[in-house]
Amino acid sequence: MSEEQIKTLEAQFEERIAHDEKIEAKDWMPEKYRKTHIRQISQHAHSEIIGMLPEGNWITRAPSLRRKVALLAKIQDEAGHGLYLYSACETLGVSRDELYDQLHSGKAKYSSIFNYPTITWADMGAIGWLVDGAAIINQVPLCSTSYGPYARAMIRVCKEESFHQRQGYEIMVKLANGTPEQKEMAQDALNRWWWPSLMMLGPTDAESVHTEQSMKWKLKRKSNDELRQQFIDQTVPQADLIGLTVPDPDLKWNEERQSYDFGEIDWDEFWQVVKGHGPCNKERMNARVTAWEEGEWVRDAAMAYAEKKENKKINKAV
């Protein structure tokens, strides 16, 4: 393909983006666009899969059968989200095995939030309320992202994440209105998960190396800082409503801006976790790699069974 033909295709591509047309898997796209989407979609898929681990820690210790069933359903949803997203990513020409290898080798990243421990049952409430709440704010705009398979996958993901957020908040409401010990447990969980939840929305716009290009291609519709402000403005009144205190002494309502001013985020902590030095980075990755290795016989058996059925069809046809 000549340089002139490539320029023509690039111009047509940019025009389609400008008109909010969806780019589909078989459409021509710049290589950088393809690689950017592989990075973001795979990171999202990895986060869903690794995100099952902190909650899986509490399946056998849920305080009631109702809570156990709800938690199992949520974890199952997250597994499904990962599979939707891996499938969307595969449409960009990367194999599932490549994606898994990138995760297991540490080449690919997942959300920093999942490298924190779940110490008490209240953490299940905090994760649903805060982590899934932040995820929804980040993911709803992705329902109109420029890449069609990703946008369509996000519609169902966001509906289910919305349920998870309400489920988590309901746990916090129960604890906040329970015994003094239960309310203290809820406050402790909020204290520990608040700042990591703000960090999970990504580095500041000034430090993000991907935001500008992602906004240009309409992969993202809002910047990291805009999403973070939206999350704070939405969540602080929810905490006030149930009598919990957001652990930020600098938090205050700004009448002029009609939103909250908030304190400085410890970005050194964020980058340490991203680089693999968080409280549970090694534990999470070891658990994931071990599960993959121990499940090899199941994958092999499924493939052998599929091949056997296919051979039977061929023999009948002959």
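Begin by selecting Asn191, which is partly exposed at a relative accessible area of 34% (partly exposed lies between buried, under 20%, and exposed, over 50%, with a 1.4 Å probe and protein chains only). The model is predicted, so local features need pLDDT of at least 70 and side-chain atom pairs pLDDT 80 or more, while totals for chains, interfaces and linings use all residues. Residues are numbered from 1 along each chain as its sequence is written, and side-chain values use heavy atoms, without hydrogens or water.

Asn191 belongs to helix H8, residues 180-199 (helices are DSSP runs of H or I with at least four residues, numbered from the N terminus).

Next, select Glu55 in helix H3, residues 52-56. Glu55 counts as buried, at 1% relative accessibility. Beyond neighbours within four places in sequence, its contacts are Leu71, Lys74, Ile75, Glu78, Met124 and Ile127.

Proceed to Gly295, in the loop between helix H12 (281-294) and helix H13 (296-317). Gly295 is buried, with a relative accessible area of 17%. Select Lys309 as well: its C-alpha atom lies 22 Å from that of Gly295, 14 residues away along the chain.

Finish at Glu269, in helix H11, residues 267-277. Glu269 is partly exposed, with a relative accessible area of 31%.

Definitions and conventions. Helix = DSSP H or I, 4+ residues; strand = E, 2+ residues; numbered from the N terminus. Contact = heavy atoms within 4.5 Å.
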